[in-house]
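Hello,

Here is the structure I promised to hand over. Please open it first, then read my notes below.

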Amino acid sequence: MKRSLALGLCVSLLAMPVMATEKDTLKARQDRLSNELEESKKAQAKTDAELEVTEAERDAVKTEIHVVDDRLNVLSEQIAIQQHEVDTARAELESTRQQLSVQEEYLESQKELLNERLRVLQVHEDTSYLQVIFESRSFGDFVTRVMTARTIAEQDRELIHNYMSEMERLESLESTQRTQLSFIKQKERELVITKQDLDRTAEKKRDLLAELDEQVEQLELEKMTRSEEQAVMAEQNRIIGEQLEAIATAEREAAEAAERAKREAEARAAEEQARAEAEAREAETEVEAPVVTAPADTPTPVSTSTGFVRPVSGYVSSPFGPRNNPLTGVPEIHKGIDLVNAPGTPIVASAPGVVIKAAPATGYGNVVFVSHVMNGEVWTTVYAHLSAITVGSGQSVSAGQTVGTLGSTGWSTGPHLHFELHRGKWAPGQPNAIDPAPYIGY
C-alpha cells in the first residue's frame with residue numbers, strides 16, 4: 001500500500017522540478033531587471049537634471065545674443081546716420097572747394113587788371129592828384145577827374161577787399177569742414193570698430209548656442225532612448241511577472257492535484273485493505289490483494305527546444321561583431337546580423353514567445369521585441385527596421401508567425417532586417433547579445 005501511494009505521488013509531482021527551476025530562473029531575471037530599471041531611472045534623472053541646466057544655459061545665451069543683436073541694430077543705425085553725415089559733410093566740402101576753384105578762376109581772369117590797378121594805386125598813389133590837376137583843362141574837368149579817380153580807386157579797393165574777404169571766408173569754411181569731416185569719419189570708424197567687436201562677440205555666442213543646441217539634442221535623444229529602454233524593461237518585467245504568476249498557478253494546481261491524488265490513493269488503499277481483509281477472513285487464507293493505483297490527472301509539461309527558425313531568408317550584409325558604422329563611419333560592435341531581402345518580405349518570429357514591444361524606437365525604426373522562455377531560460381529576439389508591424393505588445397506568437405515586413409526605417413542605409421538574439425533579457429547597450437548566425441543556420 002505504501003509503495004502504491006508513493007508511486008502515485010511521484011506521478012503527480014513529475015512537473016514540479018521543471019516548474020520550480022523555471023520559476024527560480026524567471027524570479028532571478030525579474031530581480032536583476034528591476035535593479036537595472038532602477039539604475040536606468042537614476043541615470044535618466046541625472047540626464048534630466050543635466051538637460052535642465054543645459055537648457056537654462058542655452059536660454060541665457062539666447063538672451064545675451066538678443067541683447068547683442070539689439071546693440072548691433074542700434075550701432076548699425078548710428079553708423080548709417082554717421083555715414084549720411086559724412087556724405088553730407090563731404091558734399092559741403094566739395095561745394096566749398098568748387099566755390100574756391102571758381103574764385104581762383106575769376107582771380108586768374110582778373111589777375112592782370114588787378115595787378116595793374118594795384119601797381120597804379122601803390123606807385124602813383126601820391127602823384128595821382130597832381131596828374132589829375134595838371135592834365136585838367138578846366139576846373140570843372142579837374143573836379144570831374146578827381147571824382148572819377150577817387151571812385152575808381154575806391155572800387156578797386158572794394159573789389160580787392162571783397163575778393164580777399166571771400167577767399168578768407170571760403171578757406172576758413174574749408175578748414176572747418178575738413179575738421180568736421182575728419183571728426184565724423186573718426187566717430188564712424190569708432191562705431192565700425194565697436195560693431196566689429198560686437199559681431200565677433202555675437203559670432204562666439206552663436207557658436208556657443210550651436211554647441212548648446214547640439215548638447216540639448218543629444219540629451220533629449222538620450223532621455224528619449226532611456227524612456228524607450230525603460231518601457232522595454234518594464235514590459236519585460238510585466239511579462240516575466242505574468243509567467244511567474246502562471247507558474248505559481250500551475251504549481252498551486254499541481255499541489256492541489258497531488259493532495260487530491262493523495263487523498264484518493266489513501267481512500268482506495270483503505271478500501272482495498274478492507275476488501276482484502278474481508279476476503280481473507282472469508283477464505284481464511286492470507287493473500288495480499290494486488291494494489292492497483294490509477295495515475296493522477298496531472299498537467300503535461302510543455303517540452304521546449306533551444307532551436308530557432310530563420311526570421312527571413314536572404315544574404316548577410318553585415319555579420320555580428322566589429323565594424324565601421326555605415327552612417328557615421330565610427331568603429332563599433334554590431335550587436336546583430338543584417339539580412340537583406342526585398343522590401344515587404346514577411347518577417348517571422350524565430351521562436352514561440354510574447355511580444356514585449358511593437359512600435360518605432362530610436363535607431364531601430366519600426367521594431368518588434370519578443371521574449372521567450374525555453375527550458376527555463378529567458379531569451380529575447382529583436383526584429384528592426386521593419387516597414388510594417390503586424391503584431392502588438394503583449395501578444396503571444398508562435399515560431400514562424402509573421403511579426404512584420406522587411407523595410408529600411410530608423411538608422412538604416414537600405415532595406416534589410418537587423419536581427420538580434422539575446423541570451424536573457426534585452427538591456428541598454430545590448431550586453432546579453434550573442435551572434436545569432438549559428439542559431440538560425442548562417
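**What I found**

The largest nonpolar core has 24 residues, and the members that touch the most others are Phe 308, Ile 347, Val 368, Tyr 383, Val 403 and Leu 417. Strands S4, S7, S8, S10 and S11 and helix H6 each give two or more residues to this core. A second, separate core has 11 residues, among them Ile 239, Ala 361, Val 367 and Phe 369. Keep in mind that this is a predicted model.

Look at Leu 417 next. Beyond four places in sequence, Leu 417 touches residues including Pro 311, Ile 337, Asp 338, Tyr 383 and Leu 406.

Now go to helix H5, residues 139-283, where you will find Glu 228. Is Glu 228 buried or exposed? Glu 228 has a relative accessible area of 17%, and under 20% counts as buried, so Glu 228 is buried. Leaving aside neighbours within four places in sequence, Glu 228 is in contact with Pro 360, Ala 361 and Thr 362. Glu 228 and Pro 428 are 200 residues apart in sequence, yet their C-alpha atoms are 9.7 Å apart.

On to charges. The whole structure holds 10 salt bridges. Arg 323 pairs with Glu 332 at 2.8 Å, N to O. Arg 323 also pairs with Asp 338, at 3.6 Å. Arg 323 is in strand S2 and Asp 338 in strand S4, so this pair ties together parts 15 residues apart in sequence. Asp 338 is buried at 5%, whereas Arg 323 is partly exposed at 23%.

In helix H5, Arg 275 and Glu 272 lie three residues apart, about one turn. Their salt bridge has its closest N and O atoms 2.1 Å apart. Glu 271 joins these two in a network of salt bridges.

Best wishes

Conventions:
Residues numbered from 1 in each chain as written. Predicted model: local features only at pLDDT ≥ 70, side-chain atom pairs only at ≥ 80, totals over all residues. Heavy atoms only, no water. Core = buried A, V, L, I, M, F, W, Y, C linked by side-chain atoms within 4.5 Å. Buried < 20%, exposed > 50% of the residue type's maximum accessible area, 1.4 Å probe, protein only. Helix = DSSP H or I, 4+ residues; strand = E, 2+ residues; numbered from the N terminus. Contact = heavy atoms within 4.5 Å. Salt bridge = Lys/Arg side-chain N within 4 Å of Asp/Glu carboxyl O.
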